[in-house]
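Please look over the sequence and the model shown below before reading on.

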Amino acid sequence: MIGISDNLSNTAENRCLDWIMGTATTAPTLPLKVALVTANGSDSAAGTEATGGSYVRKNLTVGAASSGATSNTADLVWTGMPAGTFVGVEVWDSAGVPIRLWYGPLAASRTLLAGDELKITAGQLTFALS
């Protein structure tokens, strides 16, 4: 399981507060996209995103939140990956200049050879606010 609890970027935290407090209504541009990283980011800086092979960000679908949490409802499958060690994920919106919203480490890093597949099954990428 890949749990991303409270790992919102600073930008996402500000947008959430603005929405909750009623000072703004800016929602992320859908679809949300999941990126794989070879070095994890932080609240203020993006990680090092994968490049090469057939790698592209994947669309994220989630269910309605319950008890402050939700998870992916469909498998995320990357095929034809570049060789490398992948250590985390990031979630971005689809704006003209995409905004990074979430980030977090994989439960265990994955070392792949060129052409390998990386899969995150439905329900394994969880998001929570606590």
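## Terms and basis

Helices (H or I, at least four residues) and strands (E, at least two) are DSSP runs, numbered from the N terminus. This is a predicted model, in which local features need pLDDT of at least 70 and side-chain atom pairs count only at pLDDT 80 or more, while totals for chains, interfaces and linings use all residues. Residues are numbered from 1 along each chain as its sequence is written, and side-chain values use heavy atoms, with hydrogens and water left out.

A74 is found in the loop that runs between strand 5 and strand 6. With a relative accessibility of 36%, A74 counts as partly exposed, a class that lies between buried (under 20% relative accessible area) and exposed (over 50%), using a 1.4 Å probe and protein chains only.

If neighbours within four places in sequence are left aside, A74 is in contact with T61, I120 and A122, where contact means heavy atoms within 4.5 Å. The C-alpha atoms of A74 and G63 are separated by 9.7 Å, and these two residues are 11 residues apart along the chain.

An open sheet of 3 strands, with mixed pairing, has the order 1-10-5; two strands pair if DSSP finds at least two bridges between them. Strand 1 (2-5) and strand 5 (69-71) are the edge strands, each of which pairs on one side only.

Strand 1 and strand 10 pair in the parallel sense over 4 bridges, and G3 has T126 in strand 10 as its bridge partner. Strand 5 and strand 10 (residues 125-128), by contrast, run antiparallel and are joined by 3 bridges, with A128 in strand 10 as the bridge partner of A69. Strand 1 also has two faces: I2 and I4 are on the covered one, whereas G3 and S5 are on the uncovered one.

## Salt bridges

Side chains of opposite charge can pair when their charged atoms come close. A salt bridge is defined here as a side-chain nitrogen of Lys or Arg within 4 Å of a carboxyl oxygen of Asp or Glu, and by this rule the count comes to 3 salt bridges. In one of them, the side chains of E49 and R57 meet at 2.7 Å, N to O; E49 is partly exposed, at 25% relative accessible area, and R57 is partly exposed as well, at 24%.

Another salt bridge joins K119 to D75, with the closest N and O atoms 3.8 Å apart. This pair links distant parts of the chain, 44 residues apart, since K119 is in strand 9 (residues 118-120) and D75 is in the loop between strand 5 and strand 6 (76-78). K119 is partly exposed at 40% relative accessibility, and D75 is partly exposed at 41%.

Are the residues of the pair R100 and E90 buried or exposed? Their side chains meet in a salt bridge at 3.8 Å, N to O, and because R100 lies in strand 8 (residues 100-112) and E90 in strand 7 (residues 84-92), the pair ties together parts that are 10 residues apart in sequence. Both R100 and E90 are buried.
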